[in-house]
Amino acid sequence: MLSFAAERLLRYGVVLFLVTFCGSMLLSLVPGSAALAVLGSDASPEAIADFNTKYGLNHALPVRYWMWLRGVFEGNLGESINNGQPVSKLLGERLPVTLELAILAIFVALLIAVPLALASAYRAGGIFDRIVQSLTSGLIAIPEIAMALFLVLIFAVKLNLFPVTGWVPFSEDPVQNLRFAVLPVAVLALPAAAVFLRVLRADVITTLQSDYIALARAKGISTPRILFKHALRASSYSLLTIGGLRLAYLIGGTVVVEVIFAIPGVGSALVSSIQGKDLIVLQGIVVVIASAYLVINFVIDMAYRFLDPRVEH
Amino acid sequence: MMSRPTGREGETVHPDAPQVAEKGQDALVVDNMDVWFHTPAGSNHAVDDISFALGVGKTMGIVGESGSGKSVLAKSVMRLLPARGVATGGQVLLCGNDISGLGTRKMRKHWGSEVAMVFQDALTALNPVMRVGDQIVEQIREHTPLSRSEAIAKTHRLLTEVGIPSPELRSRQYPHQLSGGMRQRVMIALALSCDPAVLIADEPTTALDVSIQAQIMDLLREEQLGRKMGMVLITHDLGLAANYTDELMVMYGGQVVERGPTKEVLAQPSSPYTEALLRASPRLANPPHTRLETLPGRPPAILGESAGCGFAPRCRRAQERCLVERPRLTLTENGESGHGVRCFYPVGTPGGHEALKINVERGTTAAGLELR
């Protein structure tokens, strides 16, 4: 078990190195420069040269990457080129917001998808199943931005139930925080729920054909118990994979929702740092996204072992 | 040859079998069971008017090739067939109660407690992600007021009873961690856990090593006798049927082609199909390397009912009559034992002998089967 963990850690280190190295190479291809973005397009050549010297931007790319990497090993993710703020401080403020959105969204999506998928699969092809299938097709097809605007129009503008935009941190006021979170979470959760529902429904239909479901029936077990206790666990492997990937994707990619709802998360930081050519902040965000995938992958691997006792090392 | 009294569609209503006298005390009575599967390609008469009665502590064997309708009959008796696309007819009395019209909700109290099933392959029939002990505890708690710890204690007793050493350890394991024989013992313990009156064993040893088969069958018989359960043993192994059943039904294409006391059916088979099955089985009395006879052709798909006998295309005795008219289940000459056959030219009768002779002389049967 220890060697298993050690091997994983080593592998994750290599992945992180490759991702950040390739990331820095690719990000440097973004047209424009940080100096122009910060100083304005009418800046004097001397000012630009000073700026580049100050942030080490006149070094060759691999050298800059090496400097950044050395900083990382000293626990320093660098400072924003745009405003001098330490990247670790910025991420420390932004990441909890995005994590909250992403985790709530996945949780809500599962809460919607699991019972509906079980009910659909139990009477596959029935009227309920067909209605749910049409709804999920719709939800998957609607773009995030359209859904966001639609929900804002109805629930915030017309019904005035939730605030239109903005954010209150959970630590300041948990109730307000949740009120602000409802609409963005809905925008993220509904399409995820549709995908989860489809995947789980298909697997449950297969599971319900199996002998052990027939045996459970022949034991006189109630239908809800057969579905939740016998069918769900054995049908949840694909859902686990899809759910994990979705969570990782949301941690790095709630961009549209964060921009529309003016939420200070990782996504909006990503957008502003691209606009400011802030390669150091971008690099920090790349580390966060890549780490999220790696951590979640690890958790999924562990969860498989828990869900399916037949999986051996 | 005596003719049986007839019921709907001129088929039998099993009035001749000896157990009919005690019909009220029978563990299981099946009357005129029909099952149709409705598929886009047409309707399939998978079980065609089958009746039988299973006495307390008796074993009924059902034999036949794959696709003959054995398992469908068993599932239909238990009312375990899916409702969609399936039509059933006939009556089932379980411990004297009519369960024919009952839906899932009402069947739940009968399932597991009055009628239990042992499936063919315990590896696929036990839930792979649930500890085997929990699977038994679940059923006990469903049907009895026992607490969880009492149910666990009962599970351990049951596991010991079916020959599983260290039940405390085994009950915490998952199916894949047990051997095949051990898994089947768990399934038997599960089936026995709520003292059912009827046990339906659907090829309980087919997935097992031959050396384990006898152990499992002996265990089943021992439990059956001890608990006075009625047992329906579905198998395609005539040897197994010979050793462990009292009565035998031979099925072909969804119909019973021969039935009666096991010893009599196997010693003096009356249906050409039963005879062919026996010829295809190896016997210790034969010299080594005796070539087994095979049955030409395939079992019918039963889509769309043919006018004649279902076995006629593969039968060595088939005459013109067999192609246009369907024989009824009628008693054989020593019919007082309940031995019945569905054939115009039964084996061992002058008519059957004559039919075979005609076909051998012309080198082909009426259905066009070439005879060597």
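This is a predicted model: local features need pLDDT of at least 70, side-chain atom pairs count only at pLDDT 80 or more; totals for chains, interfaces and linings use all residues.
The expected span of a helix is 1.5 Å times one less than its number of residues.

**Helix α7 of chain A**
- Helix α7 covers residues 144–158 of chain A, and its 15 residues should span 21 Å at 1.5 Å a residue. The C-alpha atoms at its ends sit 20 Å apart, which agrees.
- That said, α7(A) has a kink of about 30°, and the kink is centred on Val152(A).
- After α7(A) comes Asn160(A), with a positive phi near 60°.

**Where chain A meets chain B**
- On the chain A side, 18 residues are in contact with 23 residues of chain B.
- Two elements of chain A give two or more residues each to that side: α9 (211–218) and α10 (223–234).
- Of the elements, α9(A) gives the most, with 6 residues.
- Sorted by class, the side of chain A that touches chain B has 8 nonpolar, 6 charged and 4 polar residues.

**Asp308(A)**
- You'll find Asp308(A) in the segment after α14 (279–307) of chain A.
- Asp308(A) has 17 other C-beta atoms within 10 Å, so it counts as partly exposed; the buried label would take 20 or more, and exposed 12 or fewer.
- Leaving out residues up to four places away in sequence, Asp308(A) touches Tyr237(A) in its own chain and Val129(B) in chain B.
- Arg233(A) is 75 residues from Asp308(A) in sequence, yet their C-alpha atoms are 8.3 Å apart in space.

Conventions. Residues are numbered from 1 along each chain as its sequence is written. Chains are lettered from A and ligands numbered from 1 in the order in which they are written. Two residues are in contact if their C-beta atoms, placed from the backbone, lie within 7 Å. Helices (H or I, at least four residues) and strands (E, at least two) are DSSP runs, numbered from the N terminus. Ala, Val, Leu, Ile, Met, Phe, Trp, Tyr, Cys and Pro count as nonpolar, Asp, Glu, Lys and Arg as charged, and the others, Gly among them, as polar. The bend at a residue is the angle between axes fitted to the seven residues ending there and the seven starting there.
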